[in-house]
Amino acid sequence: MELKHKALLAAAIAIFFCSTLFFLKAKPSFALGDVWIDEKELGEMCIQQLVPAAKEGGSLTAEKTGKDTAGERAPTKEAAEEAQDAQKTQEVQPEAEAASPEEEQPVTVSGDPLVIIYHTHSSESYMPYAESNYHRVDEEGTVRDVGNVLENELKKKGINVIHDKTVHDRPSYNESYSRSLATIRSLVKKYPTAVYVIDLHRDAAASSATEGKYLTIDGQRVAKFGIVVGKANENYTELYSFAKKVSQKAESMYAGYGGPIIEKTYNYNGFISNKALLLEVGNNKNTIEEARACGKYFAEVMAAVIAEEQ
């Protein structure tokens, strides 16, 4: 029994010295004041000693709050550089998207304008832009969108173009031609060198139609076009002759592409120039992609006609 008491006493003394050394090592300030390590902090220290991952990941309190207070340290130079590179990449990304090569970039041409494009029914739209019975104020998907293609393709060939995108058929559709007449008169006066005047429209499909009028050129679906000539114009003969010339040139370049010439009893502001065209590109059942393709190929036709005349 006495031997057992001596063993317990020796064990108690050993525990005392070990505990003292442990506390001095863990928190030296213990020897200098009243600072004490509480049970919670001791438990965390023991876990960190036994499980190294706990030390690297932060304290138990940090795991609950989501904030790492025990593992904070200054980032390395490499980490800082990687963070800066990532930030730069995020900042540059929108510019990279804006500069996508798939997007059509405007072409600038110097010299006096030779062609004017405008739209009496500026809001006419194509599939899938079917709101308001295929009319929309926004430019995308409308005849103005097709006009952009025609303008850009002509400029690529060195032909300067003025493209006016004033919306004339809103708010009143019935007064579209009187408003567009004021616009085209102003443009012709401002640009007296412009010989070719194109009022770009789209046609209306029959109610039973399930798709637009198109042909295939080089594997691409291309909307067909038509040209309307107003018989009420004093220069009707000149207008018809020019429309026929354009249609025949289109047919000679792309079989089946030459559009019909439609005669009406109105003038459609055709008196503004002997080489004025009321051009109808596709109809409301054509897609905007088909209509844009028509604008591209019609630019080829117009460029060929202009090359012969100038």
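## Helix α7

Helix α7, spanning residues 143–156, comprises 14 residues and reaches 20 Å from its first C-alpha to its last, close to the 20 Å expected at 1.5 Å a residue; the expected span is 1.5 Å times one less than the number of residues. Helices (H or I, at least four residues) and strands (E, at least two) are DSSP runs numbered from the N terminus. The model is predicted: local features need pLDDT of at least 70 and side-chain atom pairs count only at pLDDT 80 or more, while totals for chains, interfaces and linings use all residues. Residues are numbered from 1 along each chain as its sequence is written, and side-chain values use heavy atoms, with hydrogens and water left out.

The helix is mostly covered, with 12 of its 14 residues buried (under 20% relative accessible area, with exposed over 50% and partly exposed in between; 1.4 Å probe, protein chains only). The buried residues of α7 include Val143, Val146, Val149, Leu150 and Leu154, and among them are also Arg144, Asp145, Glu151, Glu153 and Lys155. Their cover includes the strands β1 (115–118), β2 (161–163), β3 (196–203) and β8 (276–283), together with helix α10 (288–309). Just after α7, Gly158 adopts a positive phi of about 85°.

## The open sheet

Six strands form an open sheet of mixed pairing, in the order β2-β1-β3-β8-β6-β7. Its edge strands, β2 and β7 (261–264), each pair on one side only. From one strand to the next, the twist averages 25°. Two strands pair if DSSP finds at least two bridges between them.

Strand β6 (residues 225–230) pairs with β7 in the parallel sense over four bridges; Val229 has Glu263 in β7 as its bridge partner. Helix α9 (residues 236–253) packs on the sheet, touching β3, β6, β7 and β8, and its direction makes about 170° with that of β6. Contact means heavy atoms within 4.5 Å; axes are lines fitted to C-alpha atoms, for helices over the stretch in contact, and angles run from 0 to 180 degrees between N-to-C directions.

A search of the whole structure finds one cavity of 30 Å³ or more. On a 1 Å grid over the protein atoms alone, a cavity is a set of points where a 1.4 Å probe fits but cannot get out, and lining residues have an atom within 4 Å of a point. The largest cavity has a volume of about 130 Å³, the volume being the space filled by probe spheres set on the points, which are joined across faces, edges and corners.

Its lining consists of 18 residues, of which Tyr268, Gly270, Ala276, Leu277 and Leu278 lie nearest the centre. At least two lining residues come from each of β3, β6, α9 and β8, and β6 gives the most, with four residues.

Terms used: On a 1 Å grid over the protein atoms alone, a cavity is a set of points where a 1.4 Å probe fits but cannot get out, and a pocket is an open set with protein on both sides within 12 Å along at least five of seven lines; lining residues have an atom within 4 Å of a point.
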